[in-house]
Amino acid sequence: MSRATAIDAATRFFDTGAFASALGEFVACPTESQIPGTIETLHHYLEAVLIPRLEALGFTSSIYPNPMENAGPILVADRIEDRALPTILSYGHGDVIRAQTEQWREGVHPFQLVEEGERLYGRGTADNKGQHLINMAALAAVIEARGSLGFNCRFLIEMGEEMGSPGLSEFCAAHRQELAADVLIASDGPRLQSDTPTMFMGARGGISFDLVVDLRDGAHHSGNWGGVLADPAMIVAQALSTITDARGQIKLPEWRPTSLTQDIRDALRDLPIEGDGGPEIDPNWGEEGLTPAERLFGWNSFAVLAMKSGVPEAPVNAISGMAKAACQLRFVVGTDQDDILPALRRHLDAHGFGMVQIIPHERAFFDATRLSPDHPWVRFVARSLLETSGKAPHILPNLAGSLPNEVFADVLGLPTVWVPHSYRGCSQHAPNEHILKPVTRDALRLMAGLFWDIGEMGKGI
């Protein structure tokens, strides 16, 4: 038996339709964690869908209640072959974003796997059910080829990532020994380009909040009161204009990171950003003097997610009493995350906007994390992906988006390497979510090769 044998087994799993069949079972479970009253469905996914598959691979599984009230359960599964061998922790989330069923186009449905051409449609195909299924199938291919993994493996599957991973940090802090490992190797997010493997070793942090100006009850006729009543919408707009300039460059010194060092710039050099199903980027937006890759992966970005004053769908001739802007800062390592909102408060007060309230969103905060591109585990995984694909992987110091990597990096103290199996045009968090069949097939082969190589390393990297 050989590395090629394991890769062939993973390839057959896809080519025979077994992957699509299993993914259809995963997708059919409507695990919308954001919908109240879905705890039983979240349990069902773990108990009836995941545990039988993991037990067939020799894992012992336990389901734990979430430390946070009304949050989804957490699954921990172990396959321990020899405690002297390396231990790999992997992660996934079985919950999905709201289905948005009425917005899906005709012929596809969020909770039914539909195959069209090179696409497999369904909620969770990309985020994240398809991705943790790929990793489980790759482990199965190695066991089939070798008769063992050659290392120990642990899985942690949570059911609340789409709610901000409530309770995950507390759970991991309380179960450090049970989750002890040498490295986290997991999959979430998209590849940078669909035809090339991608690795990232952390994530930008994210914090969301509302800016609110609430001056009075109700609205008042703009003819009778225009010019003598302050307009909340104008105040919010003017306050926003002090946060960035006209091209979106952040003005707050505390929000400008200090971590875009030469080694990070070297890692980001020549990485492709455009194409592959994404929109055309705006070259004159964002921090001047940085490349698009540096702006996306090495810098902070501020966005206004939504704004409201009055009734936008049916405006009337009245001055609203209240206006609100939902805002978000994505931030990299090198930003003092504890000072993000206090710095904004100081900034708004200094510019005369003391009437603007800052209201943090509930559970809308992820920390920023990053692992050096020169870390031994990064080099090891990169070599394996290159051997299988024949292509040097795109290596990102951190994902541009946010995920709970700080739980593994900071709470559990692990080096973290993520190998994503989706692509940027997958419509995750939107109608018509899907994965690409060629990327999925390639990912199965890559992970089978990687898990085989880990089993060959012996007692350590």
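## Close-up legends

**View A. N432 sits in the loop between strand 18 (422–423) and strand 19 (434–436).** The model is predicted: local features need pLDDT of at least 70, side-chain atom pairs count only at pLDDT 80 or more, and totals for chains, interfaces and linings use all residues. Residues are numbered from 1 along each chain as its sequence is written, and side-chain values use heavy atoms, with hydrogens and water left out. Helices (H or I, at least four residues) and strands (E, at least two) are DSSP runs, numbered from the N terminus. N432 is not a glycine, yet its phi is positive, near 65°. Its relative accessible area is 19%, so N432 counts as buried. Buried means under 20% relative accessible area, exposed means over 50%, and partly exposed lies in between (1.4 Å probe, protein chains only).

**View B. S165 is another non-glycine residue with positive phi, near 55°.** S165 belongs to the loop between strand 6 (152–158) and helix 5 (168–174). This serine is buried, with 5% relative accessibility.

**View C. The peptide bond between D127 and N128 is cis.** Its omega is about 10°. N128 lies in the loop that runs between strand 5 (119–121) and helix 4 (129–146).

**View D. Q249 occupies the loop between helix 7 (232–241) and helix 8 (262–268).** Relative accessibility is 13%, so Q249 is classed as buried. The side chains of Q249 and D245 make a polar contact of 2.7 Å. A polar contact is a pair of N or O atoms within 3.5 Å; within protein, one must be able to donate a hydrogen and the other to accept it, and residues adjacent in sequence count only if both atoms are side-chain atoms. Beyond its neighbours within four places in sequence, Q249 is in contact (heavy atoms within 4.5 Å) with I243, T244, G286, E287 and E288.

**View E. Strand 10 (residues 205–214) runs antiparallel to strand 14 (residues 322–331).** The two are joined by 10 bridges. Two strands pair if DSSP finds at least two bridges between them. D210 faces A326 in strand 14. Strand 10 is mostly covered, with 9 of its 10 residues buried.

**View F. I157 lies in strand 6.** Its relative accessibility is 0%, so I157 is buried. Leaving aside neighbours within four places in sequence, its contacts include L46, L50, P73, I74 and L75. Y91, G92, H93, G94, H132 and M136 are also among the residues it touches. I63 is 94 residues from I157 in sequence, and their C-alpha atoms are 9.4 Å apart.

**View G. S61 is part of strand 1 (residues 60–64).** S61 is buried at 18% relative accessible area. Not counting residues up to four places away in sequence, S61 touches I51, L54, L75, V76 and A77. P190 lies 129 residues from S61 in sequence and 28 Å from it, C-alpha to C-alpha.

**View H. The largest nonpolar core holds 69 residues.** A nonpolar core is a set of buried Ala, Val, Leu, Ile, Met, Phe, Trp, Tyr and Cys residues joined through side-chain atoms within 4.5 Å. F19, F155, I185, W377, V381 and I454 touch the most other members. Apart from this core lies another, of 33 residues, including C172, L192, V407 and F408. I454 is in contact with I88, F151, I185, W377 and F380, its neighbours within four places in sequence aside.

**View I. Helix 13 (residues 437–456) has 20 residues.** From first C-alpha to last, helix 13 reaches 29 Å. That is close to the 28 Å expected at 1.5 Å a residue. The expected span is 1.5 Å times one less than the number of residues in the helix. Of its 20 residues, 15 are buried, so the rest of the structure largely encloses helix 13.

**View J. A search of the whole structure finds 0 disulfides.** A disulfide is a pair of cysteine sulfur atoms within 2.5 Å. The closest cysteine sulfur to that of C153 is in C172, 15 Å away, which is too far for a bond. C153 is buried, with 1% relative accessible area. C29 is also buried, at 5% relative accessibility.
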